[in-house]
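Work through the exercises below with the model open. Try each task before reading its solution.

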Amino acid sequence: METKNDEAQLPVSDLNRKGFMTTYPPSRYWKGTFQSEALDNDRLNLYIHIPFCIQRCRYCFFKIIELSESNQQDIDNYVDYLCKEIALVSKQYAWSKRPVDTLYFGGGTPSLLKARHLSQIMDTLNAHYTMALSEFVFEVEPITYNKKKSEELAQFGITRLSFGIQSFCDEVVAKTGRKDTETMNIKAIQRALDTGVIVNIDLLSGLEGETEHSWRYSIDRAIALNVHSITVYKMELYQNSKYFSDLHKNSIILPTDDQEMAFMDYAIEQLHAHSYQNSTFFTFTKNGDYQQKHLHQRWQGEDTYGFGVSAFSSLQREYIQNTSRIEKYKATIDRDMLPVERGAKLTSMDLIARDIVLGMKTSRLDCKWLKAKHGVDLLSPNNVMLQKLIEQNFIAVQENTIKMTNKGVFYGDFVGKALSRHFLDSFA
């Protein structure tokens, strides 16, 4: 790869922990509505979106539907439409023989589903796809994971449960509007461990009321539980969250950026000290085992199709996203049409940049793989940005692999964005 400017500079204005990347190009640049083209028979990853929650957390910015046990009919109806969409997609793309390798139920709160809902969804998937799962991930709200739910979920071959704990400090949790308690969370986690599945704990740094002491307690508690995987997210502030409006009314105080960075510094130090290694720059797994196949395969450009309201799909040369309006979602499916509302066609340059940005989210990038796929040599002596990232200790190169250092892990998407920006600028 030739560069036009030997004076490449690190984008230091981006040197912060804000702006978590989930897609590239980011969804704010997606325009137009279109149906995706039929694809080949390579393995497929599927995502199922369940938008219901029994409580809205005050930091939450996702589009959810608050639900109580008294209106289970809403879930019944949604699952019916979800299954119709699953069948429509298979027919549209002739995917009945396409092998499905990973399945991910996210939300929202998938653990609000009853066993009959899961049976209906799995029966529909089995009827319309070739299910050959090597990983089945299911997100769980601890308050919903009682003994009965544990027994129900055990029937379906789930391999990984992910618990949205956020904090083990009851005082901090109460300020988010959640009803969980430390005792309840620990019982749920232990119940899951007893079933033999891989267990992940999500923690969220930067919540209202978080202090150095409460944060250290949460990290230490998570490690002591000896789970397989611990994920540490930075709390992101968005306009449609209650936190955002409360902050602008001066009714709450959130930890400063410096405090949050100190929280993350402690988390990385302790997780590494207890043999948790990076699976991504925000997820740490015991001894580097228990990798997150679904995420890794999507971030390495493998096809992932999302079902449900607001779900998005990452397909060969494009992204598509379903409508986020549930009535429109249902009405479109009633017309035997896919509920796609927007999307983006990716150029060849976009695809390369995507594989760099999202590939680095795994905290390492196989440059031999990238060169074989795109003909791009990130390890070229002409890559001045690579050398600057090495010099400033964001990355190290081992054989054909770019690996994030602790500093690179700390700053998240910074490395991927710096490398991809330099790549795009070199061809401008």
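The exercises below concern this predicted model.

**Exercise 1. Find which way the residues of strand S11 (residues 304–307) point, and find its parallel partner.**

Step 1. Apply it to S11. Thr 304 and Gly 306 point one way, Tyr 305 and Phe 307 the other. All of them are buried.
Step 2. Look for the partner. Strand S1 (residues 44–50) runs parallel to S11, and four bridges join the two.
Step 3. Pick out one bridge. Leu 46 has Tyr 305 as its partner in S11.

**Exercise 2. Determine how helix H1 (residues 72–93) and helix H2 (residues 115–128) are arranged, and what their contact is made of.**

Step 1. Two packed helices are described by the angle and the distance between their axes.
Step 2. Here the axes come within 9 Å and cross at roughly 5 degrees.
Step 3. Angles under 35 degrees count as roughly parallel. H1 and H2 are therefore roughly parallel to each other.
Step 4. List the contact residues. H1 contributes residues including Ile 75, Val 79, Cys 83 and Ile 86. From H2 come, among them, His 117, Ile 121 and Leu 125.
Step 5. Sort the contact by type: eight nonpolar, six polar and three charged residues.

**Exercise 3. How many disulfides does the model hold?**

Step 1. The cut-off is a pair of cysteine sulfur atoms within 2.5 Å.
Step 2. By this rule the count is zero.
Step 3. Check burial, where the cut-off is under 20% relative accessible area. Cys 83 has 8%, so Cys 83 is buried. Cys 53 has 10%, so Cys 53 is buried.

**Exercise 4. Is Ile 158 buried or exposed, and which residues does Ile 158 touch?**

Step 1. Locate Ile 158 in the loop between helix H3 (147–153) and strand S6 (160–166).
Step 2. Its relative accessibility is 9%, so Ile 158 counts as buried.
Step 3. Leave out residues up to four places away in sequence. Ile 158 then touches Phe 136, Phe 138, Leu 153 and Val 197.
Step 4. Compare sequence with space for Val 197. Ile 158 and Val 197 are 39 residues apart in sequence, and their C-alpha atoms are 7.3 Å apart.

Notes: Residues numbered from 1 in each chain as written. Predicted model: local features only at pLDDT ≥ 70, side-chain atom pairs only at ≥ 80, totals over all residues. Heavy atoms only, no water. Buried < 20%, exposed > 50% of the residue type's maximum accessible area, 1.4 Å probe, protein only. Pairing = 2+ DSSP bridges. Axes fitted to C-alpha atoms, helices over the stretch in contact; angles between N-to-C directions. Parallel < 35°, antiparallel > 145°, perpendicular 65-115°, else oblique. Contact = heavy atoms within 4.5 Å. Nonpolar A, V, L, I, M, F, W, Y, C, P; charged D, E, K, R; others polar.
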